[in-house]
Amino acid sequence: MVANVKQGRRIVIIGSSGSGKTTLAREIARKLTLPHIELDALHWEANWTEASFDQFKTRVENSLQTDGWVVDGNYSKVRDLIWLKADTLIWLDYSFPVVFGRVVQRTFWRAISQQELWNGNRETWQIVFSHNSMILWVLRTYWQRQREWTLLCQQPEYAHLQIIRFSSPKATRQWLEAL
């Protein structure tokens, strides 16, 4: 499994919000000396404004022009742009308690620390307790995404992808250490 990823030059990482996609993508990109493409950074403008579809699509297309990359994110509107060019898909398929615990911890830490995310955006206490909360997002989307990704990974148009599916952070860490 590890040897195949070293040969892979176009890697996409999916998983529920809070699963650790960005952290894993950064580490893989560093180890394999590939550019890291964070879809959230391409999608969000200042003041939590979404880029238009055309802007977002153009940014993604431009980012994928290199020979290799590591993309993290789950944006269905640009999925085909990425998945059809990728050679490896890594799915962080962690249990709901793991993901939920991580997203709660991360969300509260970001609200306390006021860590800048993308284009000046920060998670505030107002966001944490709003209908736009990441905590509510995970509650609304976790099970739907699990079903969706299972079906997508079986689609013939994605048969070219080497799919690596991790069911625990420990398995992911062990794999990453061996990479």
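## Arg110 and Glu123

Which residue's side chain does Arg110 meet in a salt bridge? The partner is Glu123, with 3.0 Å between N and O. Keep in mind as you look around that this is a predicted model.

Where do the two partners sit? Arg110 belongs to helix α6, while Glu123 is found in the loop between α6 and α7 (125-128), so their contact ties together parts that are 13 residues apart in sequence.

## Glu45 and Arg59

The structure has 8 salt bridges in total. Another of them joins Glu45 to Arg59, and here the closest N and O atoms are 2.5 Å apart. This pair links distant parts of the chain, 14 residues apart: Glu45 is in strand β3 (residues 44-45) and Arg59 is in helix α4 (residues 53-63).

Glu45 has 23% relative accessibility and counts as partly exposed. Arg59 is partly exposed as well, at 27%. Why do these values not count as buried? Buried means under 20% relative accessible area, and Glu45 has 23% while Arg59 has 27%.

## Arg165 and Asp93

Next, look for Arg165 and Asp93, whose side chains meet in a salt bridge with an N to O distance of 2.8 Å. Arg165 is part of strand β7 (residues 162-166), and Asp93 sits in the loop between β6 (88-92) and α6 (96-113), so this pair ties together parts that are 72 residues apart in sequence.

The two partners fall into separate classes. Asp93 counts as buried, at 15% relative accessibility, whereas Arg165 is partly exposed, at 45%.

## A network of salt bridges

Trp109, Ile112, Trp125 and Phe129 make a nonpolar surface patch of about 520 Å².

Take Trp125 as one of its members. You can find Trp125 in helix α7. Its relative accessible area is 39%, so Trp125 is partly exposed.

Technical notes: Residues are numbered from 1 along each chain as its sequence is written. This is a predicted model: local features need pLDDT of at least 70, side-chain atom pairs count only at pLDDT 80 or more; totals for chains, interfaces and linings use all residues. Side-chain values use heavy atoms; hydrogens and water are left out. A salt bridge is a side-chain nitrogen of Lys or Arg within 4 Å of a carboxyl oxygen of Asp or Glu. Helices (H or I, at least four residues) and strands (E, at least two) are DSSP runs, numbered from the N terminus. Buried means under 20% relative accessible area, exposed over 50%, partly exposed in between (1.4 Å probe, protein chains only). Patches are made of residues with over 30% relative accessible area and no salt bridge: like charges are joined within 9 Å, nonpolar side chains (Val, Leu, Ile, Met, Phe, Trp, Tyr) within 5 Å. Accessible areas come from the Shrake-Rupley method with a 1.4 Å probe; for residues, only the protein chains shown count as cover.
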